[in-house]
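The sequence and the model are shown first.

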Amino acid sequence: MGDIVIKNLNKAFDGKPVLRNLSLRIPSGRCFAIMAPSGYGKTTLLRILMGFERADSGSIDGLEGQRLSAVFQEDRLCEHLSALQNIRLVRPELPRDAMVGALRNVGLADCCDQPVRELSGGMRRRAALVRALMAQYDVLILDEPFKGLDEETKALVIRETRERIAGKTAVMVTHDPKEAEAMGAEVVALESAADVQPGERPAE
């Protein structure tokens, strides 16, 4: 799979520009972190990459035929199902031991059969992340994937995430430079998406 190339991407809501002439190259097989203050179009960019929003103009090349998996800002779990059953939705062929092992690696082995509606916010976050990591994908989209986790748990989850995405393309949005560093990510820091000019790569 090749790089994902974004050229002169524009998106506005109610006449207000959110992304203007945004150009980026997301390297294949690596973790790429996008950092910017709230309201600067990071999540909008991810939604465009996933096909949930349409850009007003510009182009994205390199996603054709690629399978995507995602962790959204919301956990988007099936509330009445367990963490294990949520994983089974995306990988029904996996043996139970493989799913339990993945949940154990992020500290969820003792509650893998418990309905996720009964889990804490941090536990739900981990369940959502494991589900995305266990899916079959070429590109992983991560929107603030470690929010709500304490530092010890975050370190555990980042270690598991790095191991599972090794050699794959991951695009992560985060406000925390330490998270990007721990993920070994190539970082692009947007001071303002509206300031990026055609063909120009934002400062790293």
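Val139 stands opposite Thr169, a residue of strand β7. The model is predicted, so that local features need pLDDT of at least 70 and side-chain atom pairs count only at pLDDT 80 or more, while totals for chains, interfaces and linings use all residues. Residues are numbered from 1 along each chain as its sequence is written, and side-chain values use heavy atoms, with hydrogens and water left out.

**The sheet**

Helices (H or I, at least four residues) and strands (E, at least two) are DSSP runs, numbered from the N terminus, and two strands pair if DSSP finds at least two bridges between them. On these terms, five strands form an open sheet in the order β5-β6-β7-β3-β8, with parallel pairing. The edge strands are β5 and β8, each of which pairs on one side only. From one strand to the next, the twist averages 15°. The pairs are set out below.

| Pair | Bridges | Direction |
|---|---|---|
| β5 and β6 (residues 139–143) | four bridges | parallel |
| β6 and β7 | five bridges | parallel |
| β3 and β7 (residues 169–173) | four bridges | parallel |
| β3 and β8 (residues 186–189) | four bridges | parallel |

Individual partners can be named within these pairs: Val71 has Leu142 in β6 as its bridge partner, Cys31 has Ala170 in β7, and Ile34 stands opposite Val188 in β8.

**Burial of the strands**

Buried means under 20% relative accessible area, exposed over 50%, and partly exposed in between (1.4 Å probe, protein chains only). Strand β3 (residues 31–35) is mostly covered, five of its five residues being buried; Cys31, Ala33 and Met35 point one way from β3, whereas Phe32 and Ile34 point the other way. Strand β5 (residues 68–71), by comparison, has a covered face formed by Ser69 and Val71 and an uncovered one formed by Leu68 and Ala70.

Helix α4 (residues 121–134) has 14 residues and reaches 20 Å from its first C-alpha to its last, close to the 20 Å expected at 1.5 Å a residue, the expected span being 1.5 Å times one less than the number of residues. Twelve of the 14 residues of α4 are buried, among them Gly122, Arg124, Leu129 and Met134. The buried residues of α4 pack against β5, α2 (83–90), α3 (96–105), β6 and α5 (151–165).

Notes: Contact = heavy atoms within 4.5 Å. Axes fitted to C-alpha atoms, helices over the stretch in contact; angles between N-to-C directions.
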